[in-house]
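Visitor: I would like to go through this model one local feature at a time. Please give the cut-offs as the terms come up.

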Amino acid sequence: MVSRARRTGIAGRYVAANRTTVQRPASREAYRLVCVLLLVAAGIAGAVAPVAAASSGAGPSSPATNTTDGQPAGPHIVATFPDPVANGDVGEFVVVDAASASNLTLSDGESNISVPSTGTVALSAAPNATRALVDVPVVRASLSLANAGERLVLRRDGVAVDRVIYDRAREGERLNATTGQWTPRGLSPRPVVATGPATATAFVLPDSPDVPLETLQRAETRVLLAGYTFASPRVADALLAAADRGVRVRVLLEGGPVGGTTTNQREQLDRLVAGGVDVRVIDGPHARFSYHHPKYAVSDDDALVLTENWKPAGTGGRDSRGWGVRVHSERTADELAAVFAHDADGIDAVPWREHRRNASFVEEEPASGSYDAGFAPETVTIEHVRVLTAPGNAGAAVRSEIAGAEARIAVLSPRLDPDGPYFASLVAAAERGVDVRILLSNAWYDEESNQEVVERTMRLRERGLPIEARIARPAGRFGKVHAKGAVIDGETVVVGSLNWNEHAATENREVTLALDGEAAATYYGRVFTADWDAAGTGGSSGERTSSREGMQNRKRTLTMALGALSAASLAGFVLRRTVDFE
(Lines give C-alpha, C1' and ligand atoms only; values in the text may rest on other atoms or scores of the structure.)
Protein backbone atom coordinates (compact mmCIF):
# COMPACT_ATOMS: atom_id res chain seq x y z
CA MET A 1 0.00 0.00 0.00
CA VAL A 2 1.27 3.55 0.65
CA SER A 3 4.89 3.11 1.58
CA ARG A 4 5.87 6.46 3.05
CA ALA A 5 4.69 9.81 4.30
CA ARG A 6 5.88 12.85 2.41
CA ARG A 7 5.31 16.51 2.76
CA THR A 8 6.04 19.69 0.89
CA GLY A 9 4.19 22.96 0.77
CA ILE A 10 3.80 26.34 2.32
CA ALA A 11 4.59 26.71 5.99
CA GLY A 12 2.26 28.82 8.09
CA ARG A 13 3.73 32.23 8.88
CA TYR A 14 3.03 35.59 10.46
CA VAL A 15 4.97 38.84 10.24
CA ALA A 16 7.34 39.27 13.13
CA ALA A 17 8.95 42.56 14.12
CA ASN A 18 10.49 42.87 10.70
CA ARG A 19 10.37 39.59 8.81
CA THR A 20 8.84 36.15 8.90
CA THR A 21 8.14 33.61 11.60
CA VAL A 22 7.70 30.13 10.15
CA GLN A 23 5.71 27.44 11.91
CA ARG A 24 5.62 23.79 11.03
CA PRO A 25 2.42 22.98 9.11
CA ALA A 26 0.05 20.17 10.03
CA SER A 27 1.52 16.73 9.45
CA ARG A 28 0.63 14.92 6.22
CA GLU A 29 1.13 11.51 7.84
CA ALA A 30 -2.43 11.61 9.19
CA TYR A 31 -3.76 12.62 5.79
CA ARG A 32 -2.18 9.67 4.01
CA LEU A 33 -3.20 7.24 6.75
CA VAL A 34 -6.83 8.31 6.49
CA CYS A 35 -6.74 8.05 2.69
CA VAL A 36 -5.55 4.46 2.94
CA LEU A 37 -8.10 3.55 5.62
CA LEU A 38 -10.93 5.01 3.57
CA LEU A 39 -9.87 3.17 0.46
CA VAL A 40 -9.49 -0.12 2.25
CA ALA A 41 -12.90 0.33 3.85
CA ALA A 42 -14.41 1.08 0.45
CA GLY A 43 -12.94 -2.10 -1.02
CA ILE A 44 -10.71 -0.34 -3.57
CA ALA A 45 -7.93 -2.30 -4.37
CA GLY A 46 21.45 14.14 -4.60
CA ALA A 47 21.53 17.43 -3.09
CA VAL A 48 19.44 20.30 -1.83
CA ALA A 49 17.92 22.34 -4.63
CA PRO A 50 20.57 24.82 -5.78
CA VAL A 51 20.18 28.09 -3.95
CA ALA A 52 20.20 31.03 -6.33
CA ALA A 53 21.20 34.54 -5.45
CA ALA A 54 17.51 35.49 -5.31
CA SER A 55 15.05 32.83 -4.16
CA SER A 56 11.78 32.47 -6.03
CA GLY A 57 8.46 33.58 -4.68
CA ALA A 58 7.21 36.58 -2.74
CA GLY A 59 6.67 37.19 0.93
CA PRO A 60 6.76 39.86 3.62
CA SER A 61 9.88 41.99 3.58
CA SER A 62 11.80 43.77 6.27
CA PRO A 63 10.80 47.39 6.89
CA ALA A 64 14.49 48.15 6.66
CA THR A 65 14.47 47.25 2.96
CA ASN A 66 12.33 47.86 -0.09
CA THR A 67 11.43 45.02 -2.41
CA THR A 68 12.27 44.27 -6.02
CA ASP A 69 10.00 41.79 -7.81
CA GLY A 70 8.86 40.50 -4.42
CA GLN A 71 12.40 40.15 -3.11
CA PRO A 72 14.04 42.27 -0.39
CA ALA A 73 16.29 44.81 -2.10
CA GLY A 74 18.69 45.25 0.82
CA PRO A 75 20.71 42.77 2.87
CA HIS A 76 18.57 39.78 3.73
CA ILE A 77 18.50 36.11 4.66
CA VAL A 78 17.76 34.02 1.57
CA ALA A 79 17.41 30.49 2.93
CA THR A 80 18.40 28.13 5.69
CA PHE A 81 18.95 24.37 5.80
CA PRO A 82 18.97 23.35 9.48
CA ASP A 83 18.53 19.59 9.31
CA PRO A 84 20.44 17.75 6.55
CA VAL A 85 19.98 14.02 6.31
CA ALA A 86 23.47 13.47 7.71
CA ASN A 87 25.10 12.48 10.99
CA GLY A 88 25.43 15.51 13.22
CA ASP A 89 23.59 17.63 10.64
CA VAL A 90 26.85 18.10 8.80
CA GLY A 91 26.38 20.57 5.96
CA GLU A 92 23.72 22.79 7.56
CA PHE A 93 23.85 26.36 6.31
CA VAL A 94 22.31 29.81 6.07
CA VAL A 95 22.38 31.73 2.78
CA VAL A 96 22.68 35.51 3.04
CA ASP A 97 22.55 38.14 0.31
CA ALA A 98 24.68 41.05 1.50
CA ALA A 99 23.48 43.34 -1.31
CA SER A 100 26.98 44.92 -1.25
CA ALA A 101 26.44 46.19 2.30
CA SER A 102 29.32 46.21 4.77
CA ASN A 103 29.50 45.60 8.53
CA LEU A 104 26.98 42.76 8.46
CA THR A 105 26.66 40.11 11.16
CA LEU A 106 24.39 37.10 11.54
CA SER A 107 23.36 35.95 14.98
CA ASP A 108 21.85 32.61 15.93
CA GLY A 109 21.51 33.60 19.58
CA GLU A 110 24.80 32.00 20.51
CA SER A 111 27.36 33.64 18.26
CA ASN A 112 27.77 36.60 15.93
CA ILE A 113 29.11 35.73 12.49
CA SER A 114 30.70 38.25 10.16
CA VAL A 115 29.05 38.23 6.71
CA PRO A 116 31.11 39.10 3.62
CA SER A 117 29.86 42.12 1.68
CA THR A 118 30.35 40.53 -1.73
CA GLY A 119 27.15 39.10 -3.12
CA THR A 120 25.38 35.99 -1.87
CA VAL A 121 27.14 33.38 0.27
CA ALA A 122 26.30 30.28 2.28
CA LEU A 123 27.57 30.29 5.84
CA SER A 124 28.47 26.84 7.14
CA ALA A 125 30.55 25.12 9.78
CA ALA A 126 31.32 22.35 7.26
CA PRO A 127 32.02 24.09 3.91
CA ASN A 128 33.06 20.93 2.07
CA ALA A 129 29.74 19.24 2.82
CA THR A 130 27.73 22.37 2.02
CA ARG A 131 29.41 23.00 -1.35
CA ALA A 132 27.69 19.90 -2.70
CA LEU A 133 24.31 21.37 -1.72
CA VAL A 134 24.39 24.92 -3.06
CA ASP A 135 25.58 26.84 -6.11
CA VAL A 136 26.82 29.95 -4.31
CA PRO A 137 30.20 30.51 -2.58
CA VAL A 138 30.49 28.88 0.86
CA VAL A 139 32.18 30.63 3.78
CA ARG A 140 33.29 28.86 6.95
CA ALA A 141 31.41 30.13 9.98
CA SER A 142 30.82 29.02 13.55
CA LEU A 143 27.20 28.12 12.92
CA SER A 144 25.02 25.59 14.73
CA LEU A 145 21.32 25.53 13.88
CA ALA A 146 18.79 23.99 16.26
CA ASN A 147 16.30 21.57 14.73
CA ALA A 148 13.79 22.37 17.46
CA GLY A 149 13.66 26.04 16.46
CA GLU A 150 15.93 28.97 15.78
CA ARG A 151 15.94 32.76 15.63
CA LEU A 152 18.33 34.19 13.04
CA VAL A 153 18.97 37.95 13.02
CA LEU A 154 20.91 39.82 10.34
CA ARG A 155 22.35 43.13 11.52
CA ARG A 156 24.12 46.05 9.85
CA ASP A 157 26.20 48.24 12.14
CA GLY A 158 24.46 46.54 15.05
CA VAL A 159 20.93 47.35 13.78
CA ALA A 160 18.64 44.48 12.80
CA VAL A 161 17.76 44.56 9.10
CA ASP A 162 16.27 41.07 8.74
CA ARG A 163 15.25 38.14 10.86
CA VAL A 164 13.84 34.64 10.35
CA ILE A 165 12.32 32.45 13.04
CA TYR A 166 11.24 28.81 12.65
CA ASP A 167 9.86 26.61 15.42
CA ARG A 168 10.77 23.19 14.00
CA ALA A 169 13.06 22.24 11.16
CA ARG A 170 12.00 19.73 8.54
CA GLU A 171 14.49 16.95 8.04
CA GLY A 172 16.12 17.17 4.63
CA GLU A 173 14.29 20.36 3.65
CA ARG A 174 15.43 23.95 3.24
CA LEU A 175 13.44 27.03 4.21
CA ASN A 176 13.01 29.83 1.69
CA ALA A 177 13.11 32.83 4.02
CA THR A 178 11.14 35.06 1.65
CA THR A 179 8.20 32.75 0.89
CA GLY A 180 8.16 30.73 4.11
CA GLN A 181 8.21 27.52 2.08
CA TRP A 182 10.00 24.37 3.16
CA THR A 183 11.33 22.61 0.08
CA PRO A 184 12.67 19.03 0.04
CA ARG A 185 16.28 18.73 -0.99
CA GLY A 186 16.60 18.16 -4.69
CA LEU A 187 13.38 20.01 -5.56
CA SER A 188 13.79 23.11 -7.70
CA PRO A 189 10.38 24.67 -8.42
CA ARG A 190 10.18 25.82 -12.02
CA PRO A 191 8.65 28.95 -13.51
CA VAL A 192 6.02 28.88 -16.23
CA VAL A 193 7.94 28.20 -19.44
CA ALA A 194 6.70 29.59 -22.76
CA THR A 195 7.85 27.41 -25.65
CA GLY A 196 6.39 29.31 -28.59
CA PRO A 197 4.03 28.26 -31.39
CA ALA A 198 3.57 24.67 -32.47
CA THR A 199 1.53 22.21 -34.47
CA ALA A 200 -0.38 19.78 -32.27
CA THR A 201 -2.70 16.81 -32.36
CA ALA A 202 -5.73 17.33 -30.13
CA PHE A 203 -7.55 14.18 -29.02
CA VAL A 204 -9.80 12.78 -26.33
CA LEU A 205 -10.30 9.44 -24.66
CA PRO A 206 -11.74 6.85 -24.84
CA ASP A 207 -12.22 7.89 -28.48
CA SER A 208 -8.55 7.90 -29.61
CA PRO A 209 -6.40 5.44 -27.63
CA ASP A 210 -4.09 4.97 -30.61
CA VAL A 211 -2.63 8.50 -30.40
CA PRO A 212 -0.54 7.91 -27.25
CA LEU A 213 0.51 4.53 -28.60
CA GLU A 214 1.64 5.74 -32.02
CA THR A 215 3.53 8.61 -30.38
CA LEU A 216 5.73 6.06 -28.63
CA GLN A 217 5.92 3.72 -31.60
CA ARG A 218 7.51 6.27 -33.90
CA ALA A 219 10.31 7.34 -31.51
CA GLU A 220 13.84 7.14 -32.92
CA THR A 221 16.11 8.56 -30.21
CA ARG A 222 14.37 9.04 -26.86
CA VAL A 223 11.25 8.13 -24.91
CA LEU A 224 10.74 9.57 -21.44
CA LEU A 225 7.48 8.43 -19.89
CA ALA A 226 6.22 9.88 -16.60
CA GLY A 227 3.12 8.72 -14.81
CA TYR A 228 1.24 8.03 -11.63
CA THR A 229 0.43 4.39 -12.41
CA PHE A 230 1.30 2.08 -15.29
CA ALA A 231 -0.51 -1.15 -16.20
CA SER A 232 -0.90 -1.07 -19.98
CA PRO A 233 0.40 -4.11 -21.90
CA ARG A 234 0.05 -2.18 -25.18
CA VAL A 235 2.20 0.70 -23.96
CA ALA A 236 4.71 -1.73 -22.47
CA ASP A 237 4.95 -3.46 -25.85
CA ALA A 238 5.63 -0.10 -27.55
CA LEU A 239 8.35 0.79 -25.03
CA LEU A 240 10.05 -2.60 -25.37
CA ALA A 241 9.97 -2.33 -29.15
CA ALA A 242 11.53 1.13 -28.93
CA ALA A 243 14.29 -0.16 -26.67
CA ASP A 244 14.95 -3.03 -29.11
CA ARG A 245 15.54 -0.58 -31.96
CA GLY A 246 18.04 1.44 -29.91
CA VAL A 247 15.83 4.17 -28.48
CA ARG A 248 16.78 5.35 -25.00
CA VAL A 249 13.69 4.58 -22.88
CA ARG A 250 13.13 5.73 -19.30
CA VAL A 251 10.03 5.43 -17.12
CA LEU A 252 9.26 7.29 -13.87
CA LEU A 253 6.20 6.52 -11.72
CA GLU A 254 4.72 6.98 -8.28
CA GLY A 255 5.97 4.46 -5.73
CA GLY A 256 2.97 4.54 -3.39
CA PRO A 257 -0.25 5.28 -5.26
CA VAL A 258 -3.46 5.53 -3.27
CA GLY A 259 -4.97 2.05 -3.11
CA GLY A 260 -1.61 0.35 -3.67
CA THR A 261 0.41 -0.88 -6.61
CA THR A 262 -1.47 -3.49 -8.60
CA THR A 263 -0.23 -6.88 -9.67
CA ASN A 264 -0.93 -5.80 -13.24
CA GLN A 265 1.52 -2.93 -12.84
CA ARG A 266 4.08 -5.25 -11.30
CA GLU A 267 3.84 -7.56 -14.30
CA GLN A 268 4.32 -4.76 -16.84
CA LEU A 269 7.19 -3.11 -14.99
CA ASP A 270 8.93 -6.46 -14.60
CA ARG A 271 8.67 -6.88 -18.38
CA LEU A 272 10.13 -3.44 -19.02
CA VAL A 273 13.10 -3.94 -16.71
CA ALA A 274 13.79 -7.37 -18.19
CA GLY A 275 13.82 -5.72 -21.62
CA GLY A 276 16.42 -3.15 -20.63
CA VAL A 277 14.15 -0.19 -19.85
CA ASP A 278 15.20 2.08 -16.97
CA VAL A 279 12.19 2.10 -14.60
CA ARG A 280 12.18 4.11 -11.39
CA VAL A 281 9.60 5.15 -8.82
CA ILE A 282 9.49 8.15 -6.50
CA ASP A 283 9.56 6.74 -2.99
CA GLY A 284 11.02 7.05 0.48
CA PRO A 285 10.59 9.20 3.62
CA HIS A 286 12.36 12.16 1.99
CA ALA A 287 10.61 12.04 -1.35
CA ARG A 288 10.19 15.46 -2.93
CA PHE A 289 6.51 15.09 -3.77
CA SER A 290 3.48 13.89 -1.88
CA TYR A 291 2.62 12.04 -5.12
CA HIS A 292 4.33 11.86 -8.49
CA HIS A 293 1.13 12.43 -10.45
CA PRO A 294 1.92 13.71 -13.99
CA LYS A 295 0.93 11.92 -17.18
CA TYR A 296 3.26 12.85 -20.03
CA ALA A 297 5.78 11.45 -22.46
CA VAL A 298 8.62 12.85 -24.54
CA SER A 299 9.11 11.04 -27.83
CA ASP A 300 11.95 12.62 -29.82
CA ASP A 301 10.64 16.18 -30.41
CA ASP A 302 7.02 15.38 -29.55
CA ALA A 303 5.57 16.27 -26.14
CA LEU A 304 2.53 14.20 -25.17
CA VAL A 305 0.53 15.53 -22.20
CA LEU A 306 -2.49 13.70 -20.84
CA THR A 307 -5.07 13.75 -18.10
CA GLU A 308 -5.12 9.93 -18.02
CA ASN A 309 -3.05 7.20 -16.42
CA TRP A 310 -1.05 4.66 -18.40
CA LYS A 311 -3.47 1.77 -18.03
CA PRO A 312 -6.45 0.29 -19.88
CA ALA A 313 -8.97 2.55 -18.12
CA GLY A 314 -7.01 5.61 -19.20
CA THR A 315 -4.77 5.62 -22.26
CA GLY A 316 -6.24 2.26 -23.27
CA GLY A 317 -9.64 3.82 -23.93
CA ARG A 318 -11.51 1.33 -21.76
CA ASP A 319 -13.21 3.73 -19.36
CA SER A 320 -12.41 7.36 -18.66
CA ARG A 321 -13.26 10.58 -20.46
CA GLY A 322 -9.86 12.18 -20.79
CA TRP A 323 -8.19 14.93 -22.77
CA GLY A 324 -4.76 14.76 -24.36
CA VAL A 325 -2.53 16.68 -26.72
CA ARG A 326 0.59 15.82 -28.68
CA VAL A 327 2.64 18.95 -29.31
CA HIS A 328 5.26 18.77 -32.04
CA SER A 329 7.77 21.21 -30.59
CA GLU A 330 11.42 20.65 -29.76
CA ARG A 331 11.32 23.40 -27.13
CA THR A 332 8.29 21.90 -25.41
CA ALA A 333 9.77 18.40 -25.55
CA ASP A 334 13.07 19.68 -24.14
CA GLU A 335 11.32 21.46 -21.28
CA LEU A 336 9.48 18.26 -20.32
CA ALA A 337 12.75 16.35 -20.69
CA ALA A 338 14.31 18.79 -18.21
CA VAL A 339 11.45 18.17 -15.77
CA PHE A 340 11.92 14.44 -16.21
CA ALA A 341 15.69 14.62 -15.61
CA HIS A 342 15.17 16.73 -12.49
CA ASP A 343 12.74 14.15 -11.10
CA ALA A 344 14.21 10.86 -12.32
CA ASP A 345 17.77 11.66 -11.27
CA GLY A 346 16.87 12.63 -7.70
CA ILE A 347 17.84 10.64 -4.62
CA ASP A 348 14.21 9.61 -4.14
CA ALA A 349 13.96 8.01 -7.61
CA VAL A 350 14.35 4.34 -6.69
CA PRO A 351 15.06 1.64 -9.30
CA TRP A 352 12.05 -0.64 -9.74
CA ARG A 353 13.90 -3.83 -8.80
CA GLU A 354 15.04 -2.25 -5.54
CA HIS A 355 11.59 -0.92 -4.72
CA ARG A 356 9.91 -4.20 -5.68
CA ARG A 357 11.79 -6.22 -3.04
CA ASN A 358 9.83 -4.67 -0.16
CA ALA A 359 6.65 -3.69 -1.98
CA SER A 360 3.21 -5.21 -1.53
CA PHE A 361 0.67 -5.53 -4.31
CA VAL A 362 -3.09 -5.58 -4.71
CA GLU A 363 -5.34 -7.31 -7.19
CA GLU A 364 -7.38 -5.18 -9.56
CA GLU A 365 -9.43 -6.22 -12.55
CA PRO A 366 -8.45 -4.07 -15.55
CA ALA A 367 -11.15 -1.96 -17.17
CA SER A 368 -12.71 -3.60 -20.22
CA GLY A 369 -15.31 -1.15 -21.48
CA SER A 370 -15.85 -0.57 -25.19
CA TYR A 371 -17.01 2.74 -26.65
CA ASP A 372 -17.64 4.13 -30.09
CA ALA A 373 -15.37 6.94 -31.25
CA GLY A 374 -17.36 10.14 -31.37
CA PHE A 375 -14.46 12.57 -31.78
CA ALA A 376 -11.52 11.90 -34.09
CA PRO A 377 -8.10 13.49 -33.42
CA GLU A 378 -7.49 16.81 -35.16
CA THR A 379 -4.32 18.62 -36.18
CA VAL A 380 -4.45 22.14 -34.77
CA THR A 381 -2.21 25.18 -34.79
CA ILE A 382 -1.14 26.47 -31.38
CA GLU A 383 -0.13 30.11 -31.23
CA HIS A 384 1.53 29.89 -27.82
CA VAL A 385 2.41 26.89 -25.61
CA ARG A 386 3.11 27.31 -21.91
CA VAL A 387 4.37 24.49 -19.67
CA LEU A 388 2.94 24.61 -16.15
CA THR A 389 4.35 22.48 -13.35
CA ALA A 390 3.64 21.82 -9.69
CA PRO A 391 4.97 22.33 -7.16
CA GLY A 392 5.90 25.81 -8.29
CA ASN A 393 3.57 27.58 -10.67
CA ALA A 394 0.67 25.54 -12.05
CA GLY A 395 -1.95 26.47 -9.45
CA ALA A 396 -1.36 30.20 -9.66
CA ALA A 397 -1.09 30.03 -13.46
CA VAL A 398 -4.46 28.26 -13.82
CA ARG A 399 -6.15 30.76 -11.53
CA SER A 400 -4.53 33.56 -13.51
CA GLU A 401 -6.07 32.19 -16.71
CA ILE A 402 -9.46 32.18 -14.98
CA ALA A 403 -8.93 35.73 -13.72
CA GLY A 404 -8.22 36.88 -17.26
CA ALA A 405 -11.38 35.37 -18.76
CA GLU A 406 -13.75 37.86 -20.38
CA ALA A 407 -16.67 35.88 -21.79
CA ARG A 408 -16.90 32.18 -20.93
CA ILE A 409 -15.17 29.35 -19.09
CA ALA A 410 -15.87 25.62 -19.48
CA VAL A 411 -14.27 23.36 -16.85
CA LEU A 412 -14.11 19.56 -16.97
CA SER A 413 -12.88 18.05 -13.72
CA PRO A 414 -13.33 14.91 -11.62
CA ARG A 415 -14.10 17.02 -8.56
CA LEU A 416 -13.91 20.58 -7.27
CA ASP A 417 -13.79 21.82 -3.70
CA PRO A 418 -16.58 24.41 -3.31
CA ASP A 419 -14.60 26.02 -0.49
CA GLY A 420 -11.30 26.05 -2.37
CA PRO A 421 -9.47 28.79 -4.32
CA TYR A 422 -10.28 27.41 -7.78
CA PHE A 423 -14.02 27.48 -7.20
CA ALA A 424 -13.62 30.94 -5.68
CA SER A 425 -11.83 32.05 -8.86
CA LEU A 426 -14.70 30.73 -10.98
CA VAL A 427 -17.26 32.51 -8.81
CA ALA A 428 -15.26 35.73 -9.10
CA ALA A 429 -15.31 35.32 -12.88
CA ALA A 430 -19.08 34.85 -12.82
CA GLU A 431 -19.43 37.95 -10.67
CA ARG A 432 -17.86 40.02 -13.44
CA GLY A 433 -20.24 38.54 -16.02
CA VAL A 434 -18.25 35.57 -17.36
CA ASP A 435 -20.42 32.55 -18.22
CA VAL A 436 -19.05 29.62 -16.17
CA ARG A 437 -19.88 25.95 -16.78
CA ILE A 438 -18.47 23.17 -14.61
CA LEU A 439 -18.87 19.50 -15.59
CA LEU A 440 -17.93 17.02 -12.85
CA SER A 441 -17.33 13.29 -12.56
CA ASN A 442 -20.14 10.79 -12.24
CA ALA A 443 -17.92 8.34 -10.28
CA TRP A 444 -19.65 7.04 -7.15
CA TYR A 445 -16.88 8.16 -4.81
CA ASP A 446 -17.23 11.79 -5.98
CA GLU A 447 -21.03 11.83 -5.86
CA GLU A 448 -21.66 13.65 -2.59
CA SER A 449 -18.95 16.28 -2.95
CA ASN A 450 -19.87 16.98 -6.57
CA GLN A 451 -23.53 17.28 -5.72
CA GLU A 452 -22.52 19.92 -3.18
CA VAL A 453 -20.90 21.91 -6.00
CA VAL A 454 -24.05 21.56 -8.11
CA GLU A 455 -26.20 22.86 -5.27
CA ARG A 456 -23.79 25.70 -4.51
CA THR A 457 -23.94 26.92 -8.10
CA MET A 458 -27.74 26.65 -8.08
CA ARG A 459 -27.84 29.09 -5.17
CA LEU A 460 -25.43 31.39 -7.00
CA ARG A 461 -27.63 31.28 -10.09
CA GLU A 462 -30.59 32.28 -7.94
CA ARG A 463 -28.59 35.38 -7.11
CA GLY A 464 -28.23 36.08 -10.81
CA LEU A 465 -24.67 34.81 -11.39
CA PRO A 466 -24.05 33.04 -14.73
CA ILE A 467 -22.54 29.88 -13.24
CA GLU A 468 -23.77 26.28 -13.42
CA ALA A 469 -22.40 22.85 -12.51
CA ARG A 470 -23.56 19.47 -13.75
CA ILE A 471 -22.60 15.87 -13.08
CA ALA A 472 -21.71 13.94 -16.23
CA ARG A 473 -24.00 11.35 -17.80
CA PRO A 474 -21.81 9.15 -20.00
CA ALA A 475 -24.72 7.85 -22.10
CA GLY A 476 -22.59 4.95 -23.31
CA ARG A 477 -19.82 7.23 -24.62
CA PHE A 478 -17.37 6.72 -21.72
CA GLY A 479 -17.32 5.31 -18.21
CA LYS A 480 -16.58 8.32 -16.00
CA VAL A 481 -15.01 11.77 -16.17
CA HIS A 482 -11.33 11.80 -15.29
CA ALA A 483 -10.11 14.76 -17.38
CA LYS A 484 -8.72 17.94 -15.84
CA GLY A 485 -9.13 20.72 -18.35
CA ALA A 486 -10.71 24.01 -19.27
CA VAL A 487 -11.57 26.06 -22.33
CA ILE A 488 -11.41 29.81 -21.76
CA ASP A 489 -12.96 32.46 -24.04
CA GLY A 490 -12.75 30.12 -27.03
CA GLU A 491 -9.04 30.96 -27.20
CA THR A 492 -7.12 29.07 -24.48
CA VAL A 493 -7.11 25.42 -23.39
CA VAL A 494 -5.70 24.10 -20.12
CA VAL A 495 -5.02 20.36 -20.13
CA GLY A 496 -2.95 18.08 -17.92
CA SER A 497 -2.70 16.15 -14.68
CA LEU A 498 -3.43 18.96 -12.23
CA ASN A 499 -6.48 18.36 -10.07
CA TRP A 500 -7.92 21.72 -9.11
CA ASN A 501 -7.07 21.80 -5.40
CA GLU A 502 -4.27 23.22 -3.27
CA HIS A 503 -2.74 19.89 -2.32
CA ALA A 504 -2.13 18.98 -5.95
CA ALA A 505 -0.72 22.42 -6.73
CA THR A 506 1.67 22.62 -3.78
CA GLU A 507 2.57 19.03 -2.93
CA ASN A 508 2.31 16.83 -6.02
CA ARG A 509 4.38 16.73 -9.17
CA GLU A 510 1.94 17.79 -11.87
CA VAL A 511 2.38 18.76 -15.52
CA THR A 512 -0.17 20.82 -17.45
CA LEU A 513 -0.10 22.75 -20.71
CA ALA A 514 -1.80 26.05 -21.50
CA LEU A 515 -2.49 26.25 -25.26
CA ASP A 516 -3.47 29.48 -26.98
CA GLY A 517 -5.28 29.17 -30.29
CA GLU A 518 -8.85 29.09 -31.57
CA ALA A 519 -8.43 25.74 -33.32
CA ALA A 520 -7.55 23.85 -30.12
CA ALA A 521 -10.21 25.69 -28.13
CA THR A 522 -12.83 24.86 -30.76
CA TYR A 523 -11.92 21.14 -30.68
CA TYR A 524 -12.04 20.69 -26.90
CA GLY A 525 -14.99 23.07 -26.68
CA ARG A 526 -16.96 20.85 -29.05
CA VAL A 527 -16.26 17.78 -26.91
CA PHE A 528 -17.16 19.67 -23.75
CA THR A 529 -20.44 20.88 -25.22
CA ALA A 530 -21.44 17.34 -26.20
CA ASP A 531 -20.67 16.05 -22.70
CA TRP A 532 -22.41 19.04 -21.12
CA ASP A 533 -25.55 18.61 -23.18
CA ALA A 534 -25.64 14.88 -22.37
CA ALA A 535 -25.56 15.74 -18.67
CA GLY A 536 -28.84 17.65 -18.98
CA THR A 537 -29.90 20.09 -16.31
CA GLY A 538 -30.51 17.66 -13.44
CA GLY A 539 -26.87 16.72 -13.03
CA SER A 540 -27.22 14.97 -9.71
CA SER A 541 -28.54 11.70 -11.10
CA GLY A 542 -25.66 10.97 -13.47
CA GLU A 543 -24.86 7.38 -14.36
CA ARG A 544 -22.64 5.39 -12.05
CA THR A 545 -19.57 3.51 -13.17
CA SER A 546 -20.64 0.12 -11.78
CA SER A 547 -23.84 -1.60 -10.72
CA ARG A 548 -26.08 0.43 -8.43
CA GLU A 549 -26.21 -2.29 -5.77
CA GLY A 550 -22.45 -2.69 -5.63
CA MET A 551 -21.88 1.02 -5.32
CA GLN A 552 -24.45 1.37 -2.53
CA ASN A 553 -22.70 -1.40 -0.58
CA ARG A 554 -19.37 0.36 -0.95
CA LYS A 555 -20.87 3.67 0.13
CA ARG A 556 -22.36 2.07 3.25
CA THR A 557 -18.95 0.64 4.11
CA LEU A 558 -17.35 4.02 3.51
CA THR A 559 -19.89 5.68 5.82
CA MET A 560 -19.04 3.21 8.60
CA ALA A 561 -15.34 3.88 8.11
CA LEU A 562 -15.92 7.62 8.37
CA GLY A 563 -17.85 7.11 11.58
CA ALA A 564 -15.02 5.09 13.08
CA LEU A 565 -12.50 7.71 12.08
CA SER A 566 -14.69 10.44 13.53
CA ALA A 567 -14.79 8.56 16.82
CA ALA A 568 -11.01 8.51 16.77
CA SER A 569 -11.22 12.34 16.85
CA LEU A 570 -8.48 13.42 14.48
CA ALA A 571 -8.47 16.95 15.84
CA GLY A 572 -8.09 19.69 13.29
CA PHE A 573 -7.85 17.30 10.38
CA VAL A 574 -9.91 18.04 7.29
CA LEU A 575 -10.05 15.36 4.61
CA ARG A 576 -10.01 16.50 1.00
CA ARG A 577 -9.85 14.25 -2.05
CA THR A 578 -6.68 15.45 -3.69
CA VAL A 579 -5.37 12.68 -5.92
CA ASP A 580 -6.74 10.15 -8.35
CA PHE A 581 -8.38 7.06 -6.93
CA GLU A 582 -7.40 5.25 -10.12
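Visitor: Which residues of strand 32 lie on one side and which on the other, and are they buried or exposed?
Guide: This is a predicted model, in which local features need pLDDT of at least 70, side-chain atom pairs count only at pLDDT 80 or more, and totals for chains, interfaces and linings use all residues. Residues are numbered from 1 along each chain as its sequence is written, and side-chain values use heavy atoms, with hydrogens and water left out. Strands (E, at least two residues) and helices (H or I, at least four) are DSSP runs numbered from the N terminus, and buried means under 20% relative accessible area, exposed over 50%, and partly exposed in between, with a 1.4 Å probe and protein chains only. On one side of strand 32 are T492, V494 and G496, on the other V493 and V495, and all are buried.

Visitor: How many bridges does strand 32 form with strand 31, and how many with strand 33?
Guide: Two strands pair if DSSP finds at least two bridges between them. Strand 31 (residues 485-488) pairs with strand 32 in the antiparallel sense, and I488 stands opposite T492. Strand 33 (residues 510-516) is also antiparallel to strand 32, with V494 opposite A514. The counts are 4 bridges with strand 31 and 5 bridges with strand 33.

Visitor: Which residue in the turn between strand 31 and strand 32 has a positive phi?
Guide: The two strands form a hairpin with 3 residues between them. In that turn, phi is about 55 degrees at D489.

Visitor: Which elements do the buried residues of helix 9 pack against?
Guide: Helix 9 covers residues 421-431, and its buried residues are Y422, F423, S425, L426, V427, A429 and A430. Just after the helix, G433 takes a positive phi of about 100 degrees. Contact means heavy atoms within 4.5 Å. The packing partners are helix 8 (394-403), strand 27 (408-413), strand 28 (435-440), helix 10 (447-462), strand 29 (467-471) and helix 11 (502-507).

Visitor: Which backbone oxygen lies 3.0 Å from a polar atom of the side chain of N450?
Guide: N450 is in helix 10 and is buried because its relative accessible area is 0%. Leaving out residues up to four places away in sequence, N450 touches P414, R415, L416, L440, S441 and I471. A polar contact is a pair of N or O atoms within 3.5 Å; within protein, one must be able to donate a hydrogen and the other to accept it, and residues adjacent in sequence count only if both atoms are side-chain atoms. The oxygen at 3.0 Å belongs to P414.

Visitor: Is G172 buried or exposed, and what is its relative accessibility?
Guide: G172 is in the loop between strand 13 (159-166) and strand 14 (173-176). Residues up to four places away in sequence aside, G172 touches F81, D83, V85, T183, P184 and R185. G172 counts as buried because its relative accessibility is 3%.

Visitor: Is S142 buried or exposed, and what is its relative accessible area?
Guide: S142 sits in the loop between strand 11 (138-140) and strand 12 (150-156). Not counting residues up to four places away in sequence, S142 touches S111 and I113. S142 is exposed, since its relative accessible area is 57%.

Visitor: What is the C-alpha to C-alpha distance between S142 and L123, and what is it between G172 and G186?
Guide: S142 and L123 are 19 residues apart in sequence, while G172 and G186 are 14 residues apart. In space, the distance is 8.5 Å for S142 and L123 and 9.4 Å for G172 and G186.

Visitor: What is the omega of the peptide bond from L205 to P206, and of the one from A390 to P391?
Guide: P206 lies in the loop between strand 16 (193-205) and helix 3 (210-217), and P391 in the loop between strand 26 (378-390) and helix 8. The bond from L205 to P206 is cis, with omega near 10 degrees. The bond from A390 to P391 is cis, with omega near 0 degrees.

Visitor: What are the phi values of A99 and A475?
Guide: A99 lies in the loop between strand 7 (93-97) and strand 8 (104-107), and is partly exposed at 33% relative accessible area. A475 lies in the loop between strand 29 and strand 30 (480-481), and is partly exposed at 49%. Phi is positive although A99 is not a glycine, at about 50 degrees. For A475, also a residue other than glycine, phi is near 55 degrees.
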